[in-house]
Amino acid sequence: MRLLITGGCGFVGSLLTKFFLSKEGWEVLLVDNFCRPGSEQNRRPLECLGATVIEADLRDRNAILSLPACHWVIDCAANPSVLAGLDARPSSPLASTGESPSLTLVDHNLLGTVHVLEYCKRHLAGLVLVSTSRVYSTDALSSVKLKSSNSRFELQPEQTTAGLSSQGISELFSTAPPLSLYGVTKLASEWLAREYAHAFGFPLWINRCGLMAGAGQFGRADQGIIAYWMHRYLYRHPLSFIGYGGMGFQVRDCLHPVDLANLISRQIKFSAAPGSYSHTAVDQPSTTLNVSGGIESAFSLLELHQWCERRWGSSKYGPPGKLTTVLENRRYDAPWIVLDSSLAQRQWGWTAQRSKEEIWEEIAEHAEEHPDWLQISQALS
Ligand SMILES: NC(=O)c1ccc[n+]([C@@H]2O[C@H](COP(=O)([O-])OP(=O)(O)OC[C@H]3O[C@@H](n4cnc5c(N)ncnc54)[C@H](O)[C@@H]3O)[C@@H](O)[C@H]2O)c1
């Protein structure tokens with residue numbers, strides 16, 4: 001099996017690459033333009049493992065269409081921040097000089113997908129789209145009824161929002177805008193992918209992932225929060241609880257990309273079996289799935305902070321940096337996002353194997369071994 005992984009030197013792409021090279025023995029080609037600060041770090045190690053790394057930009061149609069033929073594409077190239085495209089911060093990794101940040105974002109996240117789809121059409125390659133929980137409506141997320149416990153927001157028992165249960169947000173939850181420019185480029189990518197796959201007959205799986213985390217993530221304030229928080233805590237940089245009263249009660253789920261890789265592997269093998277994949281069969285597993293650590297992996301920012309306090313206290317590396325609170329909510333933030341992955345469990349027998357604690361421990365060890373990681377990720381501003 002020959003895979004093309006776009007954004008292959010990013011956090012998720014690099015872990016998927018290692019998995020498919022080492023666990024499956026598949027051939028892996030990577031495409032990356034290295035716009036994510038830190039992604040260059042992964043290049044040599046992945047080449048040493050046997051991956052072929054091609055420096056190219058998904059916005060460049062000719063560059064993508066002239067790539068060698070592969071059986072499957074796993075699309076992991078995007079600017080994955082809900083704040084992306086909104087301002088022209090000079091530090092913004094994707095802000096091209098003099099260009100509109102929103103247009104730049106759409107070019108990377110949506111035009112890039114169109115070129116990937118043209119590639120799939122040309123080579124009849126299957127496609128796995130790594131999508132996101134941020135395709136769900138910000139307004140609907142804000143209307144979820146919550147109560148406060150000691151350390152986090154929790155769901156109230158009676159919910160009237162469609163697609164919401166005690167297990168979290170299902171695939172039936174509203175995807176009506178506003179979503180964020182990031183969310184809408186991913187949702188539009190999903191729709192285009194469905195249309196292309198149907199029209200040109202290649203297999204497609206869309207995995208909507210919640211928060212993903214693990215060692216080596218290039219955490220910044222607006223994306224990769226666990227790595228960002230731990231590295232800053234450990235090396236005494238200021239931290240802030242932003243919005244919702246400044247208590248750090250916002251809740252997210254947590255998934256390690258290796259668990260996602262396990263599901264993708266099953267999806268690809270299923271599609272490769274003669275006669276099993278069909279665009280029309282009613283008993284076909286759903287194309288679009290939530291993939292997350294689910295309610296068991298849910299945590300609040302305050303709980304993450306308290307975990308850091310227990311692990312590092314204030315003695316090992318000196319007292320932690322100042323913790324401030326900002327009362328005002330950040331744009332497109334949501335108080336509670338936990339994806340319900342029961343459909344993935346029912347259809348594929350899949351559940352996340354790595355616990356939140358294992359993921360956090362892995363990131364903490366990486367933070368201790370890499371004191372320069374915030375500089376590498378450009379996460380000190
Ligand atoms: N990290 C998460 O919590 C999370 C959650 C849900 C979904 N996702 C999705 O997973 C995918 C990967 O996210 P990540 O966390 O690994 O992000 P990342 O920034 O670490 O990796 C993205 C990679 O894509 C590359 N890239 C971006 N635009 C490109 C372009 N135009 N051409 C070529 N390469 C380009 C970047 O250089 C980077 O190496 C994204 O599609 C994101 O939407 C991530």
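1. In this predicted model, 18 residues of domain 1 are in contact with 18 residues of domain 2. The surface buried between domain 1 and domain 2 comes to about 1600 Å², and carbon and sulfur atoms give 56% of this area. On the side of domain 1 that touches domain 2, the residues divide into eight nonpolar, seven polar and three charged.

2. As for specific interactions across this interface, the rule finds zero salt bridges between domain 1 and domain 2, while four residue pairs, both members at pLDDT 80 or more, are counted as being in polar contact.

3. When reading these values, please keep the domain bounds in mind: domain 1 is made up of 1-136, 179-209 and 256-291, whereas domain 2 consists of 139-160, 219-253, 297-337 and 355-381. The C-alpha centres of domain 1 and domain 2 are 27 Å apart.

4. Turning to the ligand, there are 31 residues around it, of which Val12, Asp32, His108, Tyr182 and Lys186 come nearest.

5. Leu58, by contrast, uses its backbone, with an N or O atom 2.9 Å from a nitrogen atom of the ligand. On its own the ligand has 820 Å² of accessible area, and the protein covers 97% of that area.

Technical notes. Residues numbered from 1 in each chain as written. Predicted model: local features only at pLDDT ≥ 70, side-chain atom pairs only at ≥ 80, totals over all residues. Heavy atoms only, no water. Domains from an automatic or database assignment. Contact = heavy atoms within 4.5 Å. Buried area = accessible area lost by both parts, 1.4 Å probe. Salt bridge = Lys/Arg side-chain N within 4 Å of Asp/Glu carboxyl O. Polar contact = N/O pair within 3.5 Å; in protein donor to acceptor, adjacent residues only side chain to side chain. Nonpolar A, V, L, I, M, F, W, Y, C, P; charged D, E, K, R; others polar. Near = heavy atom within 4 Å. Areas by Shrake-Rupley, 256 points an atom, 1.4 Å probe, with all protein chains shown as cover.
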